[in-house]
Amino acid sequence: MGIAPPERDPFVYDPVIFLAPARSHSSVVAAMVGAHPELYGFPELILFDFSIIGERLDAPPAIGKVPPGWNPVIGLERALAQLHVGKQGMEEIKEARLWLEARRSWTGAHVMDHLLGLIGPLRGVEKSPETVNGEDKLTRVAEAYPRARFIHLTRHPVTAQKSVQAYYGLFDHPIHCARGWLNQHRRIVQFCRTLEADRYLLVRSEDVLNDPQTHLRLIAGWLGIRTDAEALTSMMHPERSPYANTEVAGGNDLTFLQQPSPHPVELPPSLDPPLHWNMPEDLWSEIVSLAGELGYE
C-alpha cells in the first residue's frame, strides 16, 4: 500500500523553469542561474512527462540517451538523496528510489512540491529537455505552478543541430535534426504566448556564455532577486553545485558533468546551413524565419 499524495496548493511555489531542447547549453546556463544565492539549481527532474510517478518509474530509458541504459530518474534520485541526507552515494540513491516507489500515485507536482519545500526559502530552478517534447507536458507544468516563471533558452540552429548530430550519432540525419529544432522551439513559442508577458523571458544561451555578467544580471533583475557583484560572482560558478559531477552518472548533460565550468561558445555569423546537409529550401526557410524571431540574424 503506497503513501497517498498530500493535498496541494498550486499557488504556494513559484519555481523557475527552463524551456529548451536538448543541446541548447541548458545544463550549464540553468546551473549558473541556479547558483544565485536566492535560488537552488536542481538536476534534470523530468517530472512532467507522465501523469503520475509510477508511470515515470516504469518507463524505459529514453532512446538516444548516453551512456546506454541511461536512468531517466537518476536526476530526481540525486536531488532526493542530496536533500534528504546530504549525500548522493549508491545507498542514498537506493533509498531515494524506495521513497519514490512508495509514492507511485503522486503526480510530478507533488514530488516537486516536496523538493521545493526542502529548499525553502530558496526558489527552485529546473530544466528538463523532455518538458518541451509535447504540449501535454507543458500544460502539466503550467497547471501545476500558475506562478512559475519560464525562461525560453535558445541556441543557434546550425550549432544546435551540429551538437545534436554529434551527441546522438545522427550525422546522416540532418533533416530529422532540423525538424526537431524547428518543432520544439515552435512549441515553446506557442506555449509562451499563452502566458502573461512577465512570466516568460527569451534568452539566447550564447549571450549568457559569451557575456555572462550582463545577461545574468538581466535574468536576476527579471526574477526580482539580487543583482549585486557577490550574487553575480556566485552565478559564475556552477561547478560548485552538488550535482555538477560524475560521481553518480546522470542527472544532467554528460558534457556538462565532465566540464561544468562555463566557457565562451561559437555564435555563427549567418544562418546558412552546411552544404552537405542538403537541406530542403522550404524547411530551412521556416527555420530562418523562426530563428529571426528568436534573435538570430
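Predicted model: local features only at pLDDT ≥ 70, side-chain atom pairs only at ≥ 80, totals over all residues.
Q: Which residues make the contact of H7 with H13, and how do they divide into nonpolar, polar and charged?
A: From H7 the contact draws on Pro157, Val158 and Gln161, and from H13 on Trp284, Ile287 and Ala291. Five of these residues are nonpolar, one is polar and none is charged.

Q: What makes E2 and E5 the edge strands of the sheet?
A: The open sheet has five strands in the order E2-E3-E1-E4-E5, and their pairing is parallel. Strands E2 and E5 (200-204) each pair on one side only, and these are the edge strands. Neighbouring strands of this sheet are turned by 25 degrees against each other on average, with direction ignored.

Q: Which helices pack on the sheet, and what angle does the direction of each make with that of E4?
A: Helix H8 (residues 174-192) touches E1, E4 (149-154) and E5, and its direction makes about 150 degrees with that of E4. Helix H10 (residues 212-223) touches E1, E2, E3, E4 and E5, and its direction makes about 160 degrees with that of E4.

Q: How do you know that E3 pairs with E1 and with E2?
A: Pairing requires at least two bridges between two strands. Three bridges join strand E1 (residues 16-19) to E3, and three bridges likewise link strand E2 (residues 39-41) to E3, so both cases meet the requirement of at least two. E1 and E3 run parallel, and E2 and E3 also pair in the parallel sense.

Q: Why is strand E3 described as largely enclosed by the rest of the structure?
A: Five of the five residues of E3 (residues 123-127) are buried, and the strand is therefore largely enclosed. Arg123, Val125 and Lys127 point one way from E3, whereas Gly124 and Glu126 point the other way, and all are buried.

Q: Why do Cys177 and Cys192 count as buried?
A: The limit for buried is under 20% relative accessible area. Cys177 has 6% relative accessibility and so counts as buried, and Cys192, with a relative accessible area of 3%, is buried as well.

Q: How many disulfides does the rule give?
A: A disulfide needs a pair of cysteine sulfur atoms within 2.5 Å, and by this rule the count comes to zero.

Q: What makes Val265 a buried residue, and where is it found?
A: Val265 is found in the loop between helix H12 (254-258) and H13. Its relative accessible area is 15%, and since buried means under 20%, Val265 is buried. Leaving aside neighbours within four places in sequence, Val265 is in contact with His25, Glu206, Leu209 and Asn210.

Note on methods
Residues numbered from 1 in each chain as written. Heavy atoms only, no water. Contact = heavy atoms within 4.5 Å. Helix = DSSP H or I, 4+ residues; strand = E, 2+ residues; numbered from the N terminus. Nonpolar A, V, L, I, M, F, W, Y, C, P; charged D, E, K, R; others polar. Buried < 20%, exposed > 50% of the residue type's maximum accessible area, 1.4 Å probe, protein only. Axes fitted to C-alpha atoms, helices over the stretch in contact; angles between N-to-C directions.
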